[in-house]
Amino acid sequence: MVTVSPAQARADGPGVPAGDDAGPGGRWARLLRVVPVPLALITMIALAGVVLGRVYAGPLLTRLVVGAAVGSVLVSVAARRLPSWLVAPVSVAALAGWTALSLRLAASHAGLPGSLGEVTADAARNAIPRLLTAMIPVEPAPDTVLVPLVAAWLAGLTAAEVALRTGRVLLGYLPPVLLYAGAVYVVGPNADPAVGPTVLFAAVAAAGLAVPSGQRTPASADPAAGLAPAVRAAVRLRLLAASAAGVAVVVALAALLAPVVAGQVDDRPVDPRRYVEPPQVESLDENPLIRISGWALNPDQQLLDVRTEQGAPEQGARIRLAVLSDYDGVTWRVGATYRNAGRILPATPTAPDTTTDTVRQEITVADLTGRLLPAVATPREVTGARVAYDPATGTLIRPEGLVPGLRYTVTSVRERPDTNLLATANVPAGDAVARVLRVADGAPEQLRRLATQLAEENGAPYARAAAIEDFLAEHYRVTADAPSGHAYPNLAFFLFGPRNGGGQRGTSEQFAVLGRLAGLPTRVVVGFTPKGDGPVRAADALAWPEVLFEGVGWVPFDPMPRPDEEPRPVEEDFRPPPDDPPPSQVPEPTAEPTATPPAEAAPGPAAGRRGPGPAVLAGGGTGALVLLIGLALLVLATLRRNLTRARLERGDPGRRVAGAWRELTDALRLAGAPVGDDLAAAEVAAQARRTLAEARAALAGGGGPVVPDGAPSSGSNGAVADLPGGEFDELARLLNQVAFAPGTATPDQADRAATLAGGYVSALRDARPWWRRLLWRVHPGPLRWRR
């Protein structure tokens, strides 16, 4: 028998029995006991990266997560002889190094400019929103890999410390299981079911549990050995009762949860991206048709500068700015859903007989404003600018907005449909194209009669489209100062009004709706026709209609009047019954003030930013639960803060005033005084005064009087120490101005509305009990309440 000293036993490290593993055979036995659990943890965390990597473009994300899994577990294994309180700082330092290397690799892969510090700061600020609004497949960029990377490392650190240092392997599986579940949730319905990785995950976890623990004590065979008979019987009875209770709990949970889980197998997973608002365009970008009249009045204004790097520059080759697919009888709208995209954009299928050529252009922004980013259709790669992309229309935006001097390079695949197929081509039907076939209610009878007449005389879809094109080109003229307006009354007056009274003339955006009334799927495109390389001026802007044909794709038409022909009076070919001419301009529709803002909801899972402390190492499961709760609260607080900033600081003044009003109504709802949909703005302001007064009185002791409407309140703090009734009424007046006179709000008024709303929210929050103030900033309600 080999005798081992206590010092030698301690040198073997925790969990290694003294003397039993001496010699080569003992070392192999110890290795077999030590290796499987770290290997299982690394594999489980790596499988989470494999599952999440299915929605990423390329293997970079999976490789970075595997590296984080290996690094975090091996650091804990290497530092097993160190005190437990020292392991977390060492591991966090290693995490910082791996994160810096990973972000540099991701930035190089995505072609992002800027230093490592700038890239890291931008990724830290925007990681969660951009991850949940990114287009599938997600390009591995610093802001889309940071959260999975940090989450994987923290899961590996926590799991290794709990499983290896304390010997609680099952409890140590909790962080990898949560990480894997989070990856599955983030993927949602955007990939096939992860059956293989899930089965392998369970098999690896079972293998890790099957390995005997490395911690053995002489009493490990029988914890009651060496005790008195009576005490030993009591201990064994208690152990038996605990085991039976544990088995009963497991069986009960299985019986309760099995039907629920089985019922969800065939359901479509929830996509967390639907809870996060994607990048939005400004009001002028939502309907850029209204900008063409202004550009036509200042034709020499330089908007862009274009230089073609690949593909011969063609005079008349169109650069697309926006595609408008939605028409409600009043105006055309973009209605696109833009998702954050990387340098490489997803490819869209082309028609079988369509020829394509590649065009690469360097575009420099001059006086063009807004967020819409011009490009030749259809873009495939963009460098020099962070973009969001709508695959349905093939258009781009820059979420930060355009600025003079912005230079970017866009590579596009220009499609050239086979025109020989148009004469016999049909137009598609069904739900897929319902959006571009929709005819809004209220179309004037004159328009319907004209569309019917042109359709009856030309049966084939292309013949109908060509007939409308020729009719408009022969009977109307273009004038730069024609009033903008796309509503049915404006269109009817433009088509049938007397020529000497301002009718039968307009700008290019007004040649649009007849095709849809004739049963053709149409849309309107706004863009530019540059005269080769060089400056693109306001005179180059135009709008043109496109018609969708089966097997051909979208085909542009040119209903512009011929420059060398005098238009014929419309009365020669169409004589509708007399009707009173409508006004020459119909204002854009205005939205009634709403009491509640648009719906948003709680985000998907995300990772925290702090390593585990001694409590995690000692408590294991409790620490992991606290970490999970902390991460959830951090995500909620971040999303609430981003929502407030988006409402008060982004968009045009009208949108910011409406956002300030939504902040006020959300605050009332958080305070337990929700606003009814039937209340006017002035009534909501009165309710806000009463709610604040009652909250202050309750905080002071519950006996204070309620401040009447219009009277100043006292005892508040924050941006507005006292909110007199006039300030509530001022915010209500600003909302009514935005609702009933759109476009008249100024930036100063928007700043004033933000100040009033922020002051009221702060005052109302400070008037709540302390525990309600803590919950106020992380309450998920404003993210999911439907407006």
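How many of the residues of strand 14 (residues 522-528) are buried? Strand 14 is mostly covered, with 7 of its 7 residues buried. Residues are numbered from 1 along each chain as its sequence is written. The model is predicted, so local features need pLDDT of at least 70, side-chain atom pairs count only at pLDDT 80 or more, totals for chains, interfaces and linings use all residues, and side-chain values use heavy atoms, with hydrogens and water left out.

**View 1. Overview of the protein.** The secondary structure comes to 26 helices and 17 strands; helices (H or I, at least four residues) and strands (E, at least two) are DSSP runs, numbered from the N terminus. Of the 787 residues, 46% count as buried. Buried means under 20% relative accessible area, exposed over 50%, and partly exposed in between (1.4 Å probe, protein chains only). Among contacts with a separation of 6 or more, 78% are between residues 24 or more positions apart; a contact means heavy atoms within 4.5 Å.

**View 2. Strand 14 and its partners.** Thr522, Val524, Val526 and Phe528 point one way from strand 14, while Arg523, Val525 and Gly527 point the other way, and all are buried. Strand 2 (residues 319-324) is joined to strand 14 by 5 bridges, and the two run antiparallel. Leu324 stands opposite Val524 in strand 14. Strand 14 also pairs with strand 16 in the antiparallel sense, over 7 bridges; two strands pair if DSSP finds at least two bridges between them. The bridge partner of Gly527 in strand 16 is Leu542. Strands of a sheet pair through backbone hydrogen bonds, either parallel or antiparallel.

**View 3. The second largest pocket.** The volume of this pocket is about 1200 Å³. On a 1 Å grid over the protein atoms alone, a pocket is an open set of points where a 1.4 Å probe fits, with protein on both sides within 12 Å along at least five of seven lines, and lining residues have an atom within 4 Å of a point. Grid points are joined across faces, edges and corners, and the volume is the space filled by probe spheres set on the points. The pocket is lined by 42 residues, of which Arg320, Glu415, Arg523, Glu546 and Trp554 lie nearest its centre. At least two lining residues come from each of strand 11 (407-416), helix 14 (434-437), helix 16 (461-475), strand 16 (541-549) and strand 17 (553-556). By class, the lining has 22 nonpolar, 10 polar and 10 charged residues. Ala, Val, Leu, Ile, Met, Phe, Trp, Tyr, Cys and Pro count as nonpolar, Asp, Glu, Lys and Arg as charged, and the others, Gly among them, as polar.

View 4. Ala467 lies in helix 16 and counts as buried because its relative accessibility is 13%. Ala467 and Glu457 are 10 residues apart in sequence, and their C-alpha atoms are 8.7 Å apart in space. Helix 17 (residues 488-496) is mostly covered, with 8 of its 9 residues buried. The buried residues are Tyr488, Asn490, Leu491, Ala492, Phe493, Phe494, Leu495 and Phe496.

View 5. Strand 7 is joined to strand 10 (residues 395-397) by 2 bridges. Leu372 has Ile397 in strand 10 as its bridge partner.

**View 6. Two cis peptide bonds.** Most peptide bonds are trans. The bond from Ile136 to Pro137 is cis, with omega near 0°, and Pro137 is found in the loop between helix 6 (116-133) and helix 7 (142-165). A cis peptide bond also joins Ala377 and Thr378, with omega about 0°. Thr378 lies in the loop between strand 7 (372-373) and strand 8 (379-383).

**View 7. Surroundings of Tyr173.** Tyr173 is found in the loop between helix 8 (169-172) and helix 9 (174-187). Tyr173 counts as buried because its relative accessibility is 4%. Leaving aside neighbours within four places in sequence, Tyr173 is in contact with Ala40, Leu41, Met44, Val204, Ala205, Gly208 and Leu209. The C-alpha atoms of Tyr173 and Leu41, 132 residues apart along the chain, are separated by 7.4 Å.

**View 8. Confidence.** The mean pLDDT (the predictor's confidence in each residue, from 0 to 100) is 78, and 77% of residues reach 70 or more. Over residues 577-611 the pLDDT is below 50, and beyond near neighbours in sequence this stretch has 96 contacts in the model. Where pLDDT is low, the predicted coordinates should not be read in detail.
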